[in-house]
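This briefing covers selected side-chain contacts and strand pairing. Please consult the sequence and structure shown here alongside the points that follow.

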Amino acid sequence: QVQPVESGGGLVQAGGSLRLSCAASGSIFSIGAMGWYRQAPGKQRELVARITSAGYPTYAGSVKGRFTISRDNAKNTVYLQMNNLKPEDTAVYYCNTYIIRSAWDRGDYWGQGTQVTVSS
């Protein structure tokens, strides 16, 4: 069984910072792209940031310049450093990882989500 587990969410005032972590555990051969998505109440889940296995990041326009995604391949962990948070960043943040367990067993795995609330 493979399960990514997020941590680091919480309540912060506007302008503050939070750092999210997502660690994948279980029987893993390697991990491809890793990413963070978020879903606010009444809205669709959206991509926040994504990082390839080689370490190349992409960001949603709304977070570019404020958020930084990184990964530690030795720990099967992806991070999201969020600075200058705004109330519109309030959402449940989900980790997504493409995990390769074997040549015939690979796919996307989602974490359970962590709540981020930014007060004005």
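In this predicted model, Asp89 and Arg66 meet through their side chains in a salt bridge, at 2.8 Å from N to O. The two residues are 23 apart and link distant parts of the chain, with Asp89 in the loop between β8 and β9 (91–102) and Arg66 in the loop between β6 (57–59) and β7. Salt bridges with shared partners join Arg38, Glu46, Arg66 and Asp89 into one network.

**Salt-bridge network**

- Asp89 also forms a salt bridge with Arg38, where the closest N and O atoms are 2.9 Å apart.
- Arg38 lies in strand β4 (residues 30–39) and Asp89 in the loop between β8 and β9, so this pair ties together parts separated by 51 residues in sequence.
- Arg38 forms a salt bridge with Glu46 as well, the closest N and O atoms being 2.7 Å apart.
- The count of salt bridges comes to four.

- Asp89 is buried, with a relative accessible area of 1%.
- Arg38 counts as buried at 7%, and Arg66 is buried at 9%.
- Glu46 is partly exposed, with a relative accessible area of 36%.

**Open sheet**

- Four strands form an open, antiparallel sheet in the order β1-β3-β8-β7.
- Strands β1 and β7 (67–72) are the edge strands, each pairing on one side only.
- From one strand to the next, the twist averages 15°.
- Five bridges connect β1 with β3 (residues 18–25), and Pro4 stands opposite Ala24 in β3.
- Strand β3 is joined to β8 (residues 77–82) by six bridges; Ser21 has Tyr79 in β8 as its bridge partner.
- Strand β1 (residues 3–7) has a covered face of Pro4 and Glu6, and an uncovered face of Gln3, Val5 and Ser7.

Technical notes. Residues numbered from 1 in each chain as written. Predicted model: local features only at pLDDT ≥ 70, side-chain atom pairs only at ≥ 80, totals over all residues. Heavy atoms only, no water. Buried < 20%, exposed > 50% of the residue type's maximum accessible area, 1.4 Å probe, protein only. Pairing = 2+ DSSP bridges. Axes fitted to C-alpha atoms, helices over the stretch in contact; angles between N-to-C directions.
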